[in-house]
Amino acid sequence: MVDDEVLALARRVDARRKVALVILLFGLIAVGAGLSQFSPGDPKRFSPLATELTIGGGVAVVVISFIVMLMSRTPIEARSGRVAMMRAEGMRAKRNTAFMLMPLSLGLMLMGVIRSLNKTMAGGMVEHIEVFEVCAFIIFLVTFVAILSGQGLDKWAKPVLDDELSRQIRAKALGLGYLVLAVGLAGLVATSLFDRTLTIDLIPVVAAVGVGASSLRLFWLERAAGGGDAGEA
Amino acid sequence: MSELKLGNRLKEARVEAGLTQAELAMNVGVSRKTVNTVENGVFVPSTTLALSLARAFGQPVEALFYLIEDDGA
């Protein structure tokens, strides 16, 4: 097979794996929604049958999509040489777009999380949807930190996505996030002396701003490192 | 007080060899952005990368990289 054919085949496999990943995430959401029904406090809940169906259906979707992902193996020719480099460069551009959008998704989730925490601090009952919202925020936050720190990269993509420059850029971006978090936490300690409700409300804001600052810095540094003869390749 | 900076002739050597940044990057096993930032002097490569780049052109490392004295003027 010539490089273009290998690349086209690898793109088809990648697309299948991505679709399976999206379906898997929907399955996880269904499982999460079902499991949140077991959290204590909220009297409004799904019927036992609906809960079982939600969890069972979710688990089935997760298992099937996971099998599809495992079966979508990238051809070995696409994991080395020129094709691997081209795929990794393409992946780098997509990851950079994701870095730009991370603060936006965290910002959108923040509203629900703050409302939930605020209500609980005021003595309100925790509803299932609020457990779900807060868990989703935590999962996204941890996932974003893992992506920003370069975890889970495929071995074939490492020469491009985990080379010297990438590691230096990541270190700079994570350093800024750490600084923002440290200053934010110091602010929270000071705020806790005067207003505990406000302090609790601000915890997710500080976490989101810390991760958001890292991702925007990473986006900016990656963008600044571009240019050159990209079009010639 | 003067400060030492790293200069390079990477772009000249690459153009002379008829390579694109992507081709050189693939030969050395790094990203194209790394080659681009080294050429522009934005990124200071490690000794390993500098030696790998020199080896890719069959030249000693001193032929590609040199020190510039920057007095801040």
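Helices, counted here as DSSP runs of at least four residues, are numbered from the N terminus. The model shown in these views is predicted.

**View 1. Chain A is built from seven helices and zero strands.** From the N terminus on, its elements follow the order α-α-α-α-α-α-α. The C-alpha atoms of chain A fill a box of roughly 65 × 50 × 20 Å along the principal axes. Of its 233 residues, 35% count as buried. Among contacts in chain A between residues at least 6 apart in sequence, 77% link residues at least 24 apart.

**View 2. A:Ala33 sits in helix H1 (residues 3–36) of chain A.** A:Ala33 has a relative accessible area of 21% and is partly exposed, because the range for that class begins where buried, under 20%, ends. Leaving aside residues up to four places away in sequence, A:Ala33 touches A:Phe46 and A:Phe132. A:His128 is 95 residues from A:Ala33 in sequence, yet the two are 8.0 Å apart in space, C-alpha to C-alpha.

**View 3. Helix H6 of chain A covers residues 164–192.** At 1.5 Å a residue, its 29 residues should span 42 Å, and the end C-alpha atoms are 42 Å apart, which agrees. Buried residues of H6(A) include A:Glu164, A:Ile169, A:Arg170, A:Gly177, A:Gly184 and A:Leu188. What covers the buried residues of H6(A) includes helices H3 (81–121), H4 (128–148), H5 (158–161) and H7 (196–224) of chain A, together with H3 (32–39) and H4 (47–57) of chain B.

**View 4. The largest nonpolar core has 36 residues.** Those with the most contacts inside this core are A:Leu106, A:Phe137, B:Leu10, B:Leu24, B:Leu53 and B:Leu64. H3, H4, H6 and H7 of chain A, along with H1 (10–17), H2 (21–28), H3 and H4 of chain B, each supply at least two of its residues. A second, separate core has eight residues, among them A:Ala88, A:Ala157, A:Val160 and A:Leu161. In soluble globular proteins, nonpolar side chains tend to be buried together.

**View 5. B:Leu64 touches residues that include B:Leu10, B:Ala13, B:Leu53 and B:Phe57, not counting residues up to four places away in sequence.** B:Gly7, B:Asn8, B:Arg9, B:Ala54 and B:Gln59 are also touched by B:Leu64 under that condition.

**View 6. The axes of H2(B) and H3(B) come within 8 Å and cross at roughly 110°.** The two helices are therefore roughly perpendicular to each other, as angles from 65 to 115 degrees fall in that class. B:Gln21, B:Ala22, B:Leu24 and B:Ala25 of H2(B) meet B:Arg32, B:Val35, B:Asn36 and B:Glu39 of H3(B). By class, this contact has four nonpolar, two polar and two charged residues.

Methods: Residues numbered from 1 in each chain as written. Chains lettered and ligands numbered in written order. Predicted model: local features only at pLDDT ≥ 70, side-chain atom pairs only at ≥ 80, totals over all residues. Heavy atoms only, no water. Buried < 20%, exposed > 50% of the residue type's maximum accessible area, 1.4 Å probe, protein only. Contact = heavy atoms within 4.5 Å. Expected span 1.5 Å × (residues − 1). Core = buried A, V, L, I, M, F, W, Y, C linked by side-chain atoms within 4.5 Å. Axes fitted to C-alpha atoms, helices over the stretch in contact; angles between N-to-C directions. Parallel < 35°, antiparallel > 145°, perpendicular 65-115°, else oblique. Nonpolar A, V, L, I, M, F, W, Y, C, P; charged D, E, K, R; others polar.
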